[in-house]
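Visitor: Can you walk me through this one? Keep it quick.
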Amino acid sequence: DGDGGASVRRLADWDADRLRALAEEYGTPLYVDDLARVRANHARLAAAFPDAEVLFAVKANAGAHVLRALRDAGAGAECASAGELARALDAGFDPADVHYTAVNPPAEDLDYAVSVAAAHPALTVTAGARDTIERLDERGFSGRFCLRVHPGVGAGHSESVSTGKDAKFGVPADEAVEVLADADSRGFDVVGVHAHAGSGIANDQLDEHARVVATLANVARATATDLDLEFVDVGGGFGVPYHEDEAPLDLDAVAERTRDALDGVDATLTIEPGRYLVADAGVLLTEVNTVKRVSESVIAGADTGMTTLVRPAMYGSYHPIRSLVADDRPTEEVSVVGPVCESTDVLGEARDLPAPERGDLLAVGNAGAYGVEMASQYNSRPRPAVVALDGGESGVARRRETLADVTHAEDTADTYQEP
Ligand code: LLP
């Protein structure tokens, strides 16, 4: 497509009439996931990495509608927990295309993963600690095994999502060969090595990415040839633009740097993107219910905030915000805040938006990754609905929660009144 494999769908590209109609039909707050865009993102990634196996990092958006769309498109699944593994299998992923990546796994997670591996020997289990290997061995695991390596290089949109350096993930690269031999001697079927540098890698972090891949390539080369590694999994982390003026990731450049850094290692390249596949396929719709003008600043109180989309509160992340009112109002600098009793309950600060009025519909962009997955019920706030779009069709992918969903695990669940 002549743009270096880059592509971006801006918030401005969404059809305002369609979004208004969805808010009308399903209410707000509302997540909207466009499956056509998910497929397009997958197709672009697969084209840039024609020889690679693409696993979707389920943690970014585990909705069944998203999982099925990506399964049908030919992706596999990378699962960080027993729950994600169960959801991936439920969505029909072939266990041969599924990796379970254990990070300090609770006992129940390991029990489940080992039982899945026994029933479906094609499943791959990735571990990044000697203790995890021992705990797998204690459970009689003898399936496909991949070692997570700590590359000593981090990257990503902020320190809080950098996993490659001074973090809890993986065994140090200089111990990897020995640990792989140990796994093999325990009867594990050693098939791969893995590393993940961080989340939200941008065009100016390709050196870090290349160093991570080179570290894995070195481990692969140093590993005894009789172990016969099938794949090198370089993780996910492919960034997407959140700011309107940010350039999209040059995928062809990432692919080229990856190939170069692998430097002739004879193993399949595996990548496991989450954000790249789903972020710009999702928007969050929210309605303004309160407008305040205090000294110079304008505050738009919306019907959702950090409990629905925590990234701004948690990482200081920027998400684009657009007013969907068809209007000719002058713009003002507006802070969009939610209904939670916390001052970090902010969706966006000092945004140029049409002067807000009660009842305005706002769209928050790039909400398809780490949006609904990280939503909470804090302040006893039920989580919002998710609607899936596919061409002209739309349907509820996840119904809006009620107070009963918030309290159903309590003994006293029958003593309250649904508001
Ligand atoms: N593989 C592994 C082993 C990972 O730990 C992750 C993300 C991924 C793949 C996918 O990374 P992605 O392609 O989505 O960047 N909640 C944070 C992101 C945390 C990501 C953690 N691991 C956020 O909202 O930015």
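Guide: The shell around the ligand holds seven nonpolar, nine polar and four charged residues. Here Ala, Val, Leu, Ile, Met, Phe, Trp, Tyr, Cys and Pro count as nonpolar, Asp, Glu, Lys and Arg as charged, and the others, Gly among them, as polar. This is a predicted model: local features need pLDDT of at least 70, side-chain atom pairs count only at pLDDT 80 or more, and totals for chains, interfaces and linings use all residues. Residues are numbered from 1 along each chain as its sequence is written.

Visitor: Which of the 20 residues around the ligand come nearest?

Guide: A57, S199, G236, G274 and Y370. A residue is near if its C-beta atom, placed from the backbone, lies within 6 Å of the molecule.

Visitor: OK, domains. What does the domain assignment give?

Guide: Domain 1 is 49-272 and domain 2 is 280-407. The bounds come from an automatic or database domain assignment. Their C-alpha centres lie 32 Å apart.

Visitor: New topic. How many helices and strands are in the protein chain?

Guide: Twelve helices and 18 strands. These are DSSP runs, numbered from the N terminus: helices are H or I with at least four residues, strands are E with at least two.

Visitor: Take helix 8. Which of its residues are buried?

Guide: Among them are E208, H209, V212, L216 and V219. Buried means 20 or more other C-beta atoms within 10 Å of a residue's own; exposed means 12 or fewer, partly exposed is in between, and C-beta atoms are placed from the backbone.

Visitor: And what do the buried residues of helix 8 pack against?

Guide: Strand 6 (144-150), helix 7 (176-185), strand 8 (189-194), strand 9 (231-233) and helix 9 (251-262).

Visitor: Now A127. Where is its place?

Guide: A127 sits in strand 5, residues 124-127.

Visitor: Why does A127 count as buried?

Guide: Because A127 has 29 C-beta neighbours inside 10 Å.

Visitor: What is A127 in contact with, beyond four places in sequence?

Guide: A102, T132, I133, L136, L147 and R148. L147 is 20 residues from A127 along the chain, and their C-alpha atoms are 5.4 Å apart.

Visitor: Last one. What percentage of the 419 residues in the protein chain is buried?

Guide: 50%. The C-alpha trace spans about 70 × 55 × 40 Å along its principal axes.

How values were computed
Two residues are in contact if their C-beta atoms, placed from the backbone, lie within 7 Å.
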